Amino acid sequence: SVGKFTQDESTEFHTPYNPSDQREVSRYDTISSNVITNVASDYFGCVGIAAGYPIGLQITHNVISDLPYTGISLGYGWTDQSNAMRNNVIAYNEVFDVVKKMNDGSGIYTLSYQPGTKIYRNYIHGISKSEATQQTIVAGIYCDEKSGGSEEKPMIIEDNIIGYGIPNMLKMHQPGIILIKNTIHSVDQGQGKEIVSQIGLKKRIH
């Protein structure tokens with residue numbers, strides 16, 4: 001878990017976090033080359049990697065699987081108002097076998113205004129509806145309420161492999177400005193093989 005989700009315990013969840021002292025904001029952190037699997041077995045609403053309102057966060061080369069809810073969650077607040085969050089990256093991650101017990105979740109999930117954020121070259125597969133999710137949204141990438149950026153710096157979703165069979169490959173709910181380019185649905189389609197070869201844990205150089 002990275003960054004703050006609200007200013008303090010008394011802050012209403014939909015109030016955007018944007019402190020006057022920007023030194024409070026988590027910035028330029030990296031979460032990379034982790035295997036996260038079979039967690040959140042007691043608290044089903046937890047996710048593999050969660051980020052509140054970061055700046056310049058890099059979530060890269062992780063393998064995330066076997067979760068009751070979402071794999072990677074970026075953003076909070078359900079708001080299109082200006083906040084502390086911007087210029088984050090989710091790239092080269094493999095996410096599969098998630099959203100097994102909860103509903104309204106996805107491989108990668110976003111919320112709120114975050115100009116310059118980029119989600120690219122991730123491989124999301126093996127997600128299906130469970131008994132708990134029959135009447136709700138289950139998605140590969142889910143840009144929930146007010147996700148997006150500005151005209152100058154839109155949120156970009158590019159070159160992601162989202163496997164066939166996921167109920168909603170891309171889900172947009174009340175989105176802001178999002179630029180979507182070249183979604184791939186098979187590892188054998190177009191750039192699929194090249195992208196998959198770069199995804200997952202980074203090879204160690206000895």
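Asp21 and Arg23 form a salt bridge, with their closest N and O atoms 3.0 Å apart; the term covers a side-chain nitrogen of Lys or Arg within 4 Å of a carboxyl oxygen of Asp or Glu. The structure holds seven salt bridges. Bear in mind that this is a predicted model, where local features need pLDDT of at least 70, side-chain atom pairs count only at pLDDT 80 or more, and totals for chains, interfaces and linings use all residues. Residues are numbered from 1 along each chain as its sequence is written, and side-chain values use heavy atoms, leaving out hydrogens and water.

**Salt bridges**

- Arg23 is exposed at 74% relative accessible area, while Asp21 is partly exposed at 28% (buried is under 20%, exposed over 50%, partly exposed in between, using a 1.4 Å probe and protein chains only).
- Arg121 and Glu194 meet through their side chains at 3.2 Å, N to O. Arg121 sits in the loop between strand 10 and strand 11 (123-125) and Glu194 in helix 1 (residues 192-198), so this pair ties together parts 73 residues apart in sequence. (Helices are DSSP runs of H or I with at least four residues, strands are E runs of at least two, and both are numbered from the N terminus.)
- Arg121 is buried at 10%, whereas Glu194 is partly exposed at 38%.
- Lys181 and Glu158 make another salt bridge, at 3.6 Å from N to O. Lys181 belongs to strand 16 and Glu158 to strand 13 (residues 155-158), 23 residues apart.
- Asp66, Asp97 and Lys100 are joined in a salt-bridge network.

- Six strands make up an open, parallel sheet in the order 1-4-7-10-13-16 (strands pair if DSSP finds at least two bridges between them). Strand 1 (30-32) and strand 16 (178-181) are at the edges with a single partner strand each, so one side of each has no neighbour in the sheet.
- Strand 7 (residues 89-91) pairs with strand 10 (residues 118-120) in the parallel sense over three bridges. Ala91 stands opposite Tyr120 in strand 10.

**Around Thr70**

- Thr70 is in the loop between strand 5 (63-65) and strand 6 (72-74), and Thr70 is buried, with a relative accessible area of 1%.
- A polar atom of the Thr70 side chain lies 3.1 Å from the backbone nitrogen of Ser106.
- Leaving aside residues up to four places away in sequence, Thr70 touches Val47, Gly48, Gly105, Ser106, Gly107 and Tyr109 (contact means heavy atoms within 4.5 Å).

Notes
A polar contact is a pair of N or O atoms within 3.5 Å; within protein, one must be able to donate a hydrogen and the other to accept it, and residues adjacent in sequence count only if both atoms are side-chain atoms.
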